[in-house]
Each structure stands twice: as structure tokens, then as C-alpha cells.
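Subject: Structure handover and notes

Hello,

Here is the structure you will be working with. Please open it alongside this email and follow the notes below.

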Amino acid sequence: MAYTTTRGERADRSRTIRTCLALATITTLGFLSASAIAQVKAPTKNQLKAPAKSAAPSPTDNQADQLNEKWLSEHNKTESDAASSSAPAAGKEDERTSSVPSMATIPGAGARTLVSGSAKFVNAKTAAAGFLPGGAHQAALKPLTEAFAGFAAGAPKIDMLEGRTADGSTRLLYAAIGEGKARKSYWWFMPLDQPEGWFDETGKRLGGTPLADPKPDSRMSSPFGTRRYYGRSSGGGFHNGIDYEGKVGEPIYAAADGVINHQGWYYQYGRTVKISHADNFETLYAHMSRFETTVAPGSRVKRGEVIGYVGSTGRSTGPHLHFSVIVDGQFVDPQPYVSADGGNNALAGQSLVAFRKWQQDVHTATEGQRSRGRSEVWSQNPFAGHN
């Protein structure tokens, strides 16, 4: 007879089987776990320390640029609002043509035009008074003093010519010392593409370089030209000047005589000063913390005069001076103009042509003036002791 069970009995039996299987599985896993634990060494004290917190992920280059731009827009809001509401595509350190506007001009051609009848020979000692501090010719003192230093006192003769140019300035134009083959002549001149200064007969500049360092004894942290950006494996950008390291508040000096033609905030350059030195020659100083209060657009400044102070305004990663040279509106490498071996210490091209014409104009203006009345023996260098 077949053995039959009810539905309830079959359900009870099924539950019993499942319970037995579960107990067997738990027993087996417990045995295996105990064996594994027995083979693992106890952790050391160092292993029990809490894990170090991982550093926050560094922002990407795009994120860093966005954060920097946000900070700059908030930090510089007042002066940025004072500027034009629509920033140009330029106004950046990677522009190759200057977009910085000019608020004043330099005499240019007027300084190379001699007013008829104004040229006259002057007494050397009288002229030397103009080289004293505050004198009319103080800027010319150092190069002429160095040029005259090679002549022994008590013997040489000296000629000095003064005149007025079409820009309204009365200045010393010419100085000669010695006689015969030993005679040396020096000419004041404003080139088209270099700062004004004194030049010998061949057009070589006296006193060294066309430009002085605007931040003397400071390390150059970034040169002119293409540069790599820190932290980027590829890509780069054009840098239209050279950067000098500095601390906030340190003085910045005019690199040469000239006229301030811009003083103000200019987009990514921050507080900026631009100086005209010749028809086609300018220098630019950016990221200043503040301007020198004694100068303004239109002010004439001398080489080595303070024009502002180091800062980090505009788009800047830290305090420094961004210094540029602009020739015919184009940014060029400043290094050859501040370096003694830069090759820009002698006139060339159109500036040399204009220099030769200037020499001829000065010679013509002095015709008819007797040599006896303009040469004198002097027993002491009239410029000595006035460095």
C-alpha cells in the first residue's frame, strides 16, 4: 500500500530539512573562520592608528584660473569699475602690440630742431653750475663727468654749446675737450627709438646702457618670450616683458629720462605706469601697489627717479614688477637695453641718420662765432665732485 502524507506533513518535513542544512552551513563557516583567525597575527600599534586624511584634490588648471579670476574681480572691483566697462581682448601680458593708452606725448622731433639764433658757446664753469643738484643739466652730469675724467686737469681746453630747441627747452647741446688729435666731442641727442642722452662722434652712447634696471639688484624671475606655465605638462604663452622679484612697497625707478604718458589701472596689468622716452620708444611698469604721489601723466622724470612701488595688483600670483619695452608699438625684449653687452649702445638706422643731421645743424648754427671767444683753459674739471 502506498505511503501517503498530507500537505501539512510535507511542509513540516521541508522546513526541518532546510533548518538542518542551515545549521550545518553555520557550523562549517564558524570552523573555517576560527582557523583563519588563528593564522592572522595581531596588529601592531602603528597599524591601530587612524588612517591619515587624504589631501584635498588640487583644482585643475581651469578651476584655478576661475578661482583666481573670481578673487581678482572681487579684490579689485572698485578700480576695475572705474575703468571701461568692456575689457579689450588685449590688456594682458601676452599681448604683442601695446594697447595701453597714452595720456601725454614727448617732444620728439621738436627736441631735434634747433631754434635759429639760440646756439651760443658758454663758459665751462658757468655751464657746470647747471649740473649741480637741481640744475638744468643735471641728467647729463654723470656721462660727461666720466668722459672728461680721462683728461688731466690744468691743460685741456673745453668748448660748451648751449641752445634752445623747438620744444621750448634750453639745454647743453655740445661739449668738446682737448686739442688736436686728442680732442673729443660729445653731443646731446634724442634718437627716434632710444632714450635721449650723450653720444660721441660715432653715435656711441656715453654712460653705458640705454636703460637702467628699474628694480636694481633684484632677481629676474621670468624672461621675455615664450614661457611654460607651472604645473602644466604642455602648452605655454607669450610673456611681453621681464619680471623682477620684489616685496610689496619696494621702490620702482624710471629706466630713463622721459615723460609719463599713462598712470592708472589697466586691466590685468593692475596699477600701471608707462613712460615715453622717444618718438617710438616707451617703457611699461605693471602690478604696482601704489604710484609715487609726486608724478602724474605729463610729468618729466629722470633716470633713477621713483615712479611707484612694488605690488601684486591685476592678474598676478605674487608681488613683483612686470617691466616691458615698447618700440613702434610692439613689445620687444628689454634685456638688450639694460645689459651692457646688449648691442643697443650705439645709434643705427634712421636714428643714426637723424644724428648726423643734428650734428650738421649744430655746426651750421655756430658758424661765424670766433674760436677765441669760446675756448678756454681750465685748471680744474668743472664737473668734478658733483656725482
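Some terms come before the findings. Helices (H or I, at least four residues) and strands (E, at least two) are DSSP runs, numbered from the N terminus. Two strands count as paired if DSSP finds at least two bridges between them.

This is a predicted model, in which local features need pLDDT of at least 70 and side-chain atom pairs count only at pLDDT 80 or more, while totals for chains, interfaces and linings use all residues. Residues are numbered from 1 along each chain as its sequence is written, and side-chain values use heavy atoms, with hydrogens and water left out.

The whole chain

The chain holds seven helices and 19 strands. Of its 387 residues, 39% are buried (buried means under 20% relative accessible area, exposed over 50%, partly exposed in between, with a 1.4 Å probe and protein chains only). The accessible surface is about 21,800 Å², and carbon and sulfur atoms account for 53% of that; these areas come from the Shrake-Rupley method with a 1.4 Å probe, and for residues only the protein chains shown count as cover. Contact means heavy atoms within 4.5 Å. Among contacts between residues at least 6 apart in sequence, 67% join residues at least 24 apart.

Strands of a sheet pair through backbone hydrogen bonds, either parallel or antiparallel. Three bridges join β10 to β16 (residues 306-309), and I252 has G308 of β16 as its bridge partner.

The cores and α7

In soluble globular proteins, nonpolar side chains tend to be buried together. A nonpolar core here is a set of buried Ala, Val, Leu, Ile, Met, Phe, Trp, Tyr and Cys residues joined through side-chain atoms within 4.5 Å. The largest such core has 30 residues, and those touching the most other members are L144, F148, Y186, W188, F189, W198 and W358. At least two residues each come from α5 (141-148), β2 (157-164), β3 (170-177), β4 (184-189), β5 and α7 (349-365). With six residues, β3 gives the most to this core. A second, separate core of 24 residues includes L211, A255, V327 and Y337.

Which residues of α7 are buried? They are S351, A354, F355, W358, Q359 and V362. These residues cover an arc of only 145° around the axis, so they lie on the same side of α7; the arc is that of the directions from the helix axis to the C-beta atoms. Their cover includes β2, β3, β4 and β5. On the other side of α7, Q350, V353 and K357 are exposed.

Leaving aside neighbours within four places in sequence, F189 is in contact with several residues, including S351, A354, F355 and W358.

Two residues with positive phi

Most residues other than glycine have a negative phi. D217 has a positive phi, near 65°, and lies in the loop between β5 (197-200) and β6 (220-222). H287 also has a positive phi, near 70°, and is found in strand β13 (residues 281-288). Is each of them buried or exposed? D217 is exposed, with a relative accessible area of 85%, whereas H287 is buried, at 0%.

Regards
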